[in-house]
Structure formats: structure tokens, C-alpha cells
Amino acid sequence: MSSSQWTSEPRSKYVALKVFVKDRERSHELDIYPRINSVDSNHPGRRFIRKLLNHFAIAGPHGQHICLVHEPLGISASELMKWTPGRAMSLKDLKPCIRQLLVVFDFLPSIAHVIHTGMQHSLEALESELTCI
């Protein structure tokens, strides 16, 4: 695991905090957000990309940790499955999530000129990457 994500409520506005593990070099993620945030487009995938609101570093007992402050997303796919009877979803139920994922994966390279390469092939990675709003 390279980071932990938390939800906070400063001054009545919810935010999500992503705290990176000290030994992981993640400045490339921090560097790409200004590019994504600056894209002015009506592309439908744009609204499913969370914005970086701020960032900071905190000192831990073993060094500095980069913290990203994001807009919070909706419920994760694994959390949704906990609330689904039988923990199975029909194709009809999955179509909105799949559609969102496809329009985001179209927006990133075609409009923002960003290629997402950091997605791991694990359930934990899918949980943090796939969000149904």
C-alpha cells in the first residue's frame, strides 16, 4: 500500500486526505493535478475527476509524508457491495459505474493528455479507483 485516505470536515466542507507512505516517491501524482485541474472542457468525463484542493507535508517519526487534499468522492465499489443483497450486482446496476469509468478513461488521454499508468491489478486498488456516484 502506498497511501491511506481519510475524510475530514474542516469548516463544514468535507475533504478527502491522501497520505503517502514515506518511502514511496509520489511527487509525480502531485505534479499531474495542476494539469488536470486546469483543463476547461465540457467533456462528460471531466466531472468524475476529483480535484486537488491543496497539499502539504507532515513530519512523522520516520520522515516526511506528502498529503493531498481532494474533493471527496462517492461510495467505493467495495463499500457498495457491502450494502448490496447477496453481494452481487446485475449488469443493469453496473452500467452507470462502467459508463463513468469509460468516460474518465476517454477524458484523461483525449482532453487532459494524461495517461493513467498507476492502477494496480488488485481489489484494493480497484476499490480506491472505481467510485460510483
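**Close-up 1. Glu-79 and Lys-82 form a salt bridge.** In this predicted model, the closest N and O atoms of Glu-79 and Lys-82 are 3.5 Å apart. Why might two such side chains meet? Side chains of opposite charge can pair when their charged atoms come close. Both residues sit in helix H2 (residues 77-82), and because they are 3 residues apart there, about one helical turn separates Glu-79 from Lys-82.

**Close-up 2. Glu-29 and Lys-18 form a salt bridge.** The structure holds 2 salt bridges, and in the one shown here the closest N and O atoms of Glu-29 and Lys-18 are 3.1 Å apart. This pair links distant parts of the chain, 11 residues apart: Glu-29 belongs to helix H1 (residues 27-38), and Lys-18 to strand E2 (residues 15-20). Are these two partners buried or exposed? Glu-29 is buried, with a relative accessible area of 15%. Lys-18 also counts as buried, at 10% relative accessibility.

**Close-up 3. Phe-20 lies in strand E2.** How accessible is this residue? Phe-20 has a relative accessibility of 3%, so it counts as buried. Now find Leu-68 as well: Phe-20 and Leu-68 are 48 residues apart in sequence, yet their C-alpha atoms are 8.4 Å apart in space.

Methods: Residues numbered from 1 in each chain as written. Predicted model: local features only at pLDDT ≥ 70, side-chain atom pairs only at ≥ 80, totals over all residues. Heavy atoms only, no water. Salt bridge = Lys/Arg side-chain N within 4 Å of Asp/Glu carboxyl O. Helix = DSSP H or I, 4+ residues; strand = E, 2+ residues; numbered from the N terminus. Buried < 20%, exposed > 50% of the residue type's maximum accessible area, 1.4 Å probe, protein only.
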